Amino acid sequence: MPANISLPDSARHALTALMGQLPPDVPTSLDPANSLHRDAITAALNAAGRDATRYPALHGATAGGHQPDHLVIADMGQDTQARATAMVLHAANGPTLLQGGTLFVSNSKTGELLAAGANSNVQEGFMPVSTDTANAKPPTGDEMSVLAIHHSVTPDHQVRFTAIANTARAGLKGIGPDNINVSLPTQTPKNGRWLIIAVGRKPLWIKNVDADYWYTEPDNVEGSPYLIVPFAGTCQMPYQVKGTAGSPIAGAVYSSVIYFVTSSTQTVNLYTPAATVAAKIILTNPNLITWNFPYDQKSYKDTGSLVYNPQALVNEKISYFFFKFTVPIQSPPMPDQPFTVCSVNTPGDKSPNCKIIPNVMFWWHCLDEKTQVTMAGGNKLALAEIDNSHRVVTDLKGGTLGVEATTTGMHTGQQSQRGADAVYRLQTKSGFELIGSGLHAIVTTDGLCALCDLKPDAQVITERGPDAVASCQAITWQGRLVNLKLGNEQDAISADTIGTYFANGILVGDHLAMHRDRRRIHMEVDNSRNGVPAALKTDYASAVSDIQY
């Protein structure tokens with residue numbers, strides 16, 4: 001957003017008029033053919049510097065009537081310095097080449113702009129937007145309004161515009177910064193960045209010393225496991241809650257999702273029944289709320305933790321956890337008070353009603369545990385023998401990286417399977433061979449390629465140089481699969497560094513390699529692998545340059 005967050009009167013009137021038509025807290029599709037919608041869309045685009053020169057395709061959009069994208073107001077209120085603040089999460093409901101959003105907080109009666117923010121993203125389908133703290137003002141009057149207008153553009157040039165709005169009492173007491181306490185999941189992950197949850201583990205073989213949590217599955221549901229998250233904590237409310245101490249809170253509303261970042265973000269809903277969720281959130285005393293979904297290492301069928309619907313390819317994604325509490329309170333300025341626990345962080349100050357926790361990653365696919373890895377000293381060790389005291393060779397030039405963590409799990413594959421769920425045997429014409437799950441990253445002369453997508457004669461990198469694929473076929477197999485996470489605290493690496501190692505002499509990626517490679521390619525506007533149509537190149541380049549976080 002421009003440093004000066006003032007708006008022309010015409011833009012302010014257009015945004016205020018749209019606010020008057022939107023149902024509270026409900027994502028609503030906007031149609032550029034509707035003059036009211038079009039004026040508000042144009043005001044939002046221009047406020048963020050998205051003019052017709054930089055975004056010709058976006059300004060030329062005429063499509064309307066689509067299903068709205070998933071927008072949620074994750075935070076709204078005043079920060080610890082009494083400035084207006086808000087944060088909105090945007091998950092696209094279909095394939096997305098680029099997306100963006102503009103967020104406004106204003107005085108509900110006068111329309112005075114109190115805070116604003118904008119963000120963009122490409123080919124991920126998920127984007128947070130928060131207000132700019134440096135230019136935010138304290139609320140004036142009794143109420144402040146939050147309005148977000150977002151857009152998504154598909155590879156075939158279809159445009160979706162979605163808006164969401166709500167109001168908040170400026171004088172409502174905020175929950176103190178230390179009043180929301182989350183004890184599960186841990187706030188200090190073992191690897192320092194993400195909460196690692198290993199799902200689908202066999203009860204008789206647990207080796208997840210580098211995971212923060214692990215859960216067993218008797219049937220080891222391999223392709224699309226249920227996602228399980230332990231969740232426990234308390235919240236000291238500023239007002240007395242309507243209800244009976246020692247009992248669940250009648251009339252409270254709870255909602256929760258996990259966001260998986262893909263080109264079309266998966267919004268993974270709770271599998272745990274709503275009644276079960278509500279029964280475990282207790283009013284301990286008139287002002288204290290307690291919830292307990294304990295960590296018990298059990299299957300999705302009988303765990304006390306939160307369970308979300310099955311999700312495929314989970315090990316390739318960093319996910320975002322969101323849980324919203326809306327609690328009825330006694331004699332307040334408003335009938336209820338929301339607060340959220342959210343793993344999506346953005347720059348700027350949040351309100352004390354928003355508790356930020358680390359992001360979550362689920363572990364799944366790997367290589368055969370007997371695979372020999374070339375170590376920094378020149379010797380070789382089986383994957384199952386490697387721990388975070390080791391360093392591995394990462395390229396033909398002799399570069400090395402430390403092992404930060406290992407991922408392990410049982411896997412079964414059938415010869416009839418294909419894709420991510422299958423187990424493949426790769427053989428090169430010079431005699432190199434390895435076994436791994438379908439999504440394991442293999443380094444080729446053209447970049448990374450999933451094992452399941454390798455074709456005969458493709459050139460893979462081996463410790464002797466490029467070598468042609470002789471065959472890469474699904475096989476019937478059962479056993480332990482292991483992978484590495486490379487780049488420990490001693491290694492000066494960027495977030496986009498792609499970790500690789502030699503597995504049975506073939507150069508492969510570590511567990512985040514495919515994710516980081518895709519992200520690198522997406523940031524290179526002219527990369528032929530981006531798949532950006534000529535008509536959208538200008539919009540795409542502008543979106544890349546407008547990514548804030």
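**Group meeting: aromatic rings, cysteines and one threonine**

F231 counts as buried because its relative accessibility is 0%, where buried means under 20% relative accessible area, exposed over 50% and partly exposed in between, with a 1.4 Å probe and protein chains only. Before I go on: this is a predicted model, in which local features need pLDDT of at least 70 and side-chain atom pairs count only at pLDDT 80 or more, while totals for chains, interfaces and linings use all residues. Residues are numbered from 1 along each chain as its sequence is written, and side-chain values use heavy atoms, with hydrogens and water left out.

Now the rings. Rings of Phe, Tyr and Trp (its six-membered ring) pair if their centres lie within 6.5 Å; planes under 30 degrees apart count as stacked, over 60 as edge-to-face, and the rest as tilted. The count under this rule is 20 aromatic pairs. One of them is F231 with F293: the centres are 6.5 Å apart and the planes at 10°, so this pair is stacked. F231 sits in strand 13 (residues 231–236) and F293 in strand 18 (residues 288–293), so to speak of distant parts of the chain, 62 residues apart. Strands here are DSSP runs of E, at least two residues, and helices are runs of H or I, at least four, both numbered from the N terminus. F293 is buried too, at 1% relative accessibility.

A second stacked pair is F325 with F339, with ring centres 4.4 Å apart and planes at 10°. F325 belongs to strand 20 (residues 318–328) and F339 to strand 21 (residues 336–342), so the pair ties together parts 14 residues apart in sequence. Both F325 and F339 are buried.

Next, the cysteines. How many disulfides are there? The count is zero, taking a disulfide as a pair of cysteine sulfur atoms within 2.5 Å. Why is C235 in none? Its closest cysteine sulfur, in C354, is 12 Å away, too far for a bond. C452 is in no disulfide either, as the nearest cysteine sulfur, that of C449, is 7.5 Å away. C235 is buried at 0% relative accessibility, and C452 is buried at 18%.

Last, T272. T272 is in the loop between strand 16 (266–269) and helix 4 (274–279). At 12% relative accessibility, T272 is buried. Leaving out residues up to four places away in sequence, T272 touches V277, S305, L306 and V307, contact meaning heavy atoms within 4.5 Å. The T272 side chain reaches the backbone nitrogen of V307 at 2.9 Å.

Terms used: A polar contact is a pair of N or O atoms within 3.5 Å; within protein, one must be able to donate a hydrogen and the other to accept it, and residues adjacent in sequence count only if both atoms are side-chain atoms.
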